[in-house]
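Please keep the sequence and the model in view while going through the numbered points.

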Amino acid sequence: MGIGAGVGVALEGVHASVAALDALDREDAFLAAGEGVGADVDVLQRRYELRLERLEVVKRLEAQLAAMKARDAVECVGFQHAMLAPDAAVHERTFAEMSVVEEIAGVLTVSSGAAGAFVEQSRRVCTLPPVMEALAAGYLSWQHAKIVADETEGLTPDGAAALVAHFFDPDAPNPARGAAPGELVPSRFRTKVRNWRERHHPETLEKRHAKGVADRRMEYTPDRDGMAWNSLHLPGDTACAIWNRTTATARGLQGPNEPRTITQLRPDIAASLLLGANNATAARSGSVPAEATATDTAQGPGSAPGADSVSDTAGLAATTEIGKVPAPRADVLVMVPVFSLLGQTDEPAVLDGFGPIPASMARKLVADGAESFYRVLVDPRDGTPLEIGRQRYRLPETIKQWIRMRDGKCTFPGCSNHTPDNDTDHLTAWEHGGTTGTSNLAQLCPKHHRLKHARPWIPHPVTENGSPGWTSPTGRHYKPEHPDPEPTHWPPAILHLLAEIPDWLDIPEVPCAEPPRDRFIDPDELSPADPLWDDFYAMPFRLPPDPEMNWQMLLT
């Protein structure tokens, strides 16, 4: 479908959306008048539902109009270029495009920079037909379309086409699971798209991460009202652990006598830790040490340290060597493909609350890390989790870590809260027969946990490796935001050996006898306090043997 055809679809959709709004408005006016309304009709409830339906139609209309705007912007540039002579100089074409951008800026009442960015984004969206078609049909917003345009930048044409097919073509190999792109809030959609891009980028994540580490920095930006920003650009595992640790510490400080919110506590804790070990208790009161404040304010960022700041640095150095980042200690899950952990491939791992990380970082976390890091091995056949490592032997904590790994965040529609202290909630309440197995548990942030029990937001059953969807009080269904597990990368040596196996070699299958049925145990039927769990998790974890050895023996 060409650009013009896409806008034709959008224009038809605009007419249909306007007609739908008109019909909803007439029904609302009829209800407001109260004439001929049946006694069984809850007028206030129906008028409430009409507002939701109108919002839904307006959302679709905005997407359809955005498709028309994008098409018109791209065609404006095209028409200006078409009016130039075929042999026009480069600078003539440049000035022609600059003039178009300024015209668009004036028409839309935006800056020329914003107009130029809009034209470039529109150009990229229009080169991705499935995205343009979905936008013209009102299935996703302009914000979603911009995300695809942003994340396909830097990819080869084939790579961009593969990314778009994964999310927009249900017949593509291994298409995206769960909610459709337009059913995800933009931040969640960007996360899914970026995770896919990291796995399929033509340049390995190891190389790109090495460039990023070299660019790590800390930035200071003054703000109004006597405030300022400090920003850290760090490796993902370190930044994630800092966030989790400050969040956990903040939760620990909260109580009936603590007036500060968790948002206020996080910066107080970070400031007290950075300004000296002897001042760590400052977070309890929310104050910054007076001597540090006076010295730092007088000198400003970048000035030479005075005696007081040297004293603070010495105090900090007493607990940790300056410049050496300690192993993270806040609870973090890292999901590692089996072959990647063995060093056979460099396929990225996934860090809970962050996303893809280099294989070398994952191996370091598992080898060094900290007791707070839980490694999760991934089946190379389909990308699903195999086993979660444990340092603690109490089942409730292990179940909580497993649910964190499966769900990734609060499962409520649109929520992005992935803090480690999210609640692990029974989907079917214990008093109503619900079990304490992973098939009846899901992650909820405290806010949505309270809402679930206060209003009829109904969770759907979970799948084997998927989080629940939801039904709202008005009957709207929200699909689960499933992750996209894929078969992991096999080591090149094994693939080479497989290619060399002669056709005449018949590899017999070894029959696997099933144990007697009376020896099977359903984990959901076990109590969390059953000692069988301790026996099971006390078994040491052992890496599988090197798979290349078996293939070498087979071919010799």
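This is a predicted model: local features need pLDDT of at least 70, side-chain atom pairs count only at pLDDT 80 or more; totals for chains, interfaces and linings use all residues.

**Notes on the model**

1. Ala66 is a buried residue, its relative accessible area being 10%. Ala66 belongs to helix H2. Why does Ala66 count as buried? Its relative accessible area is 10%, and the term buried applies under 20%.

2. When neighbours within four places in sequence are set aside, Ala66 is in contact with Leu135 and Trp142. Ala66 and Met132 are 66 residues apart in sequence, and their C-alpha atoms are 9.9 Å apart in space.

3. As to the protein as a whole, its secondary structure consists of 21 helices and 12 strands. The protein has 556 residues, of which 37% count as buried.

4. Two packed helices are described by the angle between their axes and the distance between the axes. For helix H2 (residues 43-82) and helix H3 (residues 90-108), the axes come within 9 Å and cross at roughly 145°. This crossing of H2 and H3 is right-handed. On the H2 side the contact is made by Lys69, Ala73, Cys76, Val77, Gln80 and His81, and on the H3 side by Arg93, Ala96, Glu97, Val100, Ile104 and Leu108. Sorted by class, the contact of H2 with H3 has seven nonpolar, two polar and three charged residues.

5. Lys69, one of the H2 residues that meet H3, also takes part in another arrangement. Over the face of which ring does Lys69 lie? The ring is that of Phe118, and Lys69 is at 5.5 Å from the ring centre.

6. The axes of helix H6 (residues 142-152) and helix H7 (residues 157-168) come within 10 Å, with a crossing angle of roughly 145°. H6 passes H7 in a right-handed crossing. Val148, Glu151 and Thr152 of H6 meet Ala160, Leu163, Val164 and Phe168 of H7. By class, five nonpolar, one polar and one charged residues make up the contact of H6 with H7.

7. The aromatic residues form a further topic. The count of aromatic pairs comes to five. Phe412 and Trp457 form a tilted pair, 4.7 Å centre to centre and with 55° between the planes. This pair links distant parts of the chain, 45 residues apart: Phe412 is in the loop between helix H17 (395-407) and strand E8 (423-426), while Trp457 is in the loop between helix H18 (446-454) and strand E10 (458-459).

8. Are Phe412 and Trp457 buried or exposed? Phe412 is buried, because its relative accessible area is 6%. Trp457 also counts as buried, because its relative accessibility is 18%. Phe412 and Trp457 belong, with Trp470 and Tyr478, to one aromatic cluster.

9. Which residues are in contact with Thr411, leaving aside its neighbours within four places in sequence? They are Ala442, Gln443, Leu444, Ser467, Pro468 and Trp470. Trp470 is one of the members of the aromatic cluster that includes Phe412.

Note on methods:
Residues are numbered from 1 along each chain as its sequence is written. Side-chain values use heavy atoms; hydrogens and water are left out. Axes are lines fitted to C-alpha atoms, for helices over the stretch in contact, and angles run from 0 to 180 degrees between N-to-C directions. Helices (H or I, at least four residues) and strands (E, at least two) are DSSP runs, numbered from the N terminus. A crossing is left-handed if the near helix is turned anticlockwise from the far one by less than a right angle, and right-handed if clockwise. Contact means heavy atoms within 4.5 Å. Ala, Val, Leu, Ile, Met, Phe, Trp, Tyr, Cys and Pro count as nonpolar, Asp, Glu, Lys and Arg as charged, and the others, Gly among them, as polar. Rings of Phe, Tyr and Trp (its six-membered ring) pair if their centres lie within 6.5 Å; planes under 30 degrees apart count as stacked, over 60 as edge-to-face and the rest as tilted. Buried means under 20% relative accessible area, exposed over 50%, partly exposed in between (1.4 Å probe, protein chains only). A charge sits over a ring if NZ of Lys or CZ of Arg is within 6 Å of the ring centre and within 35 degrees of the ring normal.
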